[in-house]
Amino acid sequence: WEFISSVSNPNTSTVDFTGLTTAYAAYKVHFNGANINSTNSRQMRCRIYLGGALQTASNYNNMTSFIMSGAGGVGAYGSVTDKIVLSANGAAARGYNGELTFPMKERTSGGQESLQAFYGSVVSHDTLNTIGGYHQGSYSNLLTGIQFDSPDPYNVTDGQFYLYGLKRS
């Protein structure tokens, strides 16, 4: 893994890592001590850019996530959504630590079998969640960015976010 960039104590509405390309085999964001509005317990979410566009519910190129373990409310509201909610209950929604990995692919053609997957783990308060899923619509669009923010109108106030790229041999 090669360090690419970082953001520290951002106090901004979003933490964005954009400009991702197939120059790397995968991208990973490691974060620690991240909070939304540090005086409250708020949700943090992760959304993606496909083909240069931030994916929102109206794009229909969304993320499907699966809660593999844990009880802190990580996951999607329904089976298809535009985000991974990294904690959905109030008391546990403080002090996010973890990492999410997004493997890249070489081609942008083919069918559903060539979807890009993602996986990772998040610790919020005292709850560990392991997350896995895929980017629906990614068989025709490359992952070009990763965003962290809140579904509430609050800033990402604290923490460290590090972007790494897995070098191709």
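Trainee: Is Arg45 buried or exposed?

Mentor: First, the terms: buried means under 20% relative accessible area, exposed over 50%, and partly exposed in between (1.4 Å probe, protein chains only). Arg45 has a relative accessible area of 11%, so Arg45 is buried. This is a predicted model: local features need pLDDT of at least 70, side-chain atom pairs count only at pLDDT 80 or more, and totals for chains, interfaces and linings use all residues. Residues are numbered from 1 along each chain as its sequence is written, and side-chain values use heavy atoms, leaving out hydrogens and water.

Trainee: Which residue does Arg45 meet in a salt bridge?

Mentor: Side chains of opposite charge can pair when their charged atoms come close. A salt bridge is a side-chain nitrogen of Lys or Arg within 4 Å of a carboxyl oxygen of Asp or Glu. Here Arg45 meets Asp149, at 2.6 Å from N to O. Arg45 lies in strand β4 and Asp149 in strand β11, so the pair ties together parts 104 residues apart in sequence. Strands (E, at least two residues) are DSSP runs, numbered from the N terminus. Asp149 is buried too, because its relative accessible area is 4%.

Trainee: Which residues are linked in a network of salt bridges?

Mentor: Arg45, Arg47 and Asp149.

Trainee: How many salt bridges does a search of the whole structure find?

Mentor: Four. One of them joins Glu2 and Lys167, with the closest N and O atoms 3.4 Å apart. Glu2 sits in strand β1 and Lys167 in strand β12, 165 residues apart. Glu2 is partly exposed at 27%, while Lys167 is exposed at 56%.

Methods
Helix = DSSP H or I, 4+ residues; strand = E, 2+ residues; numbered from the N terminus.
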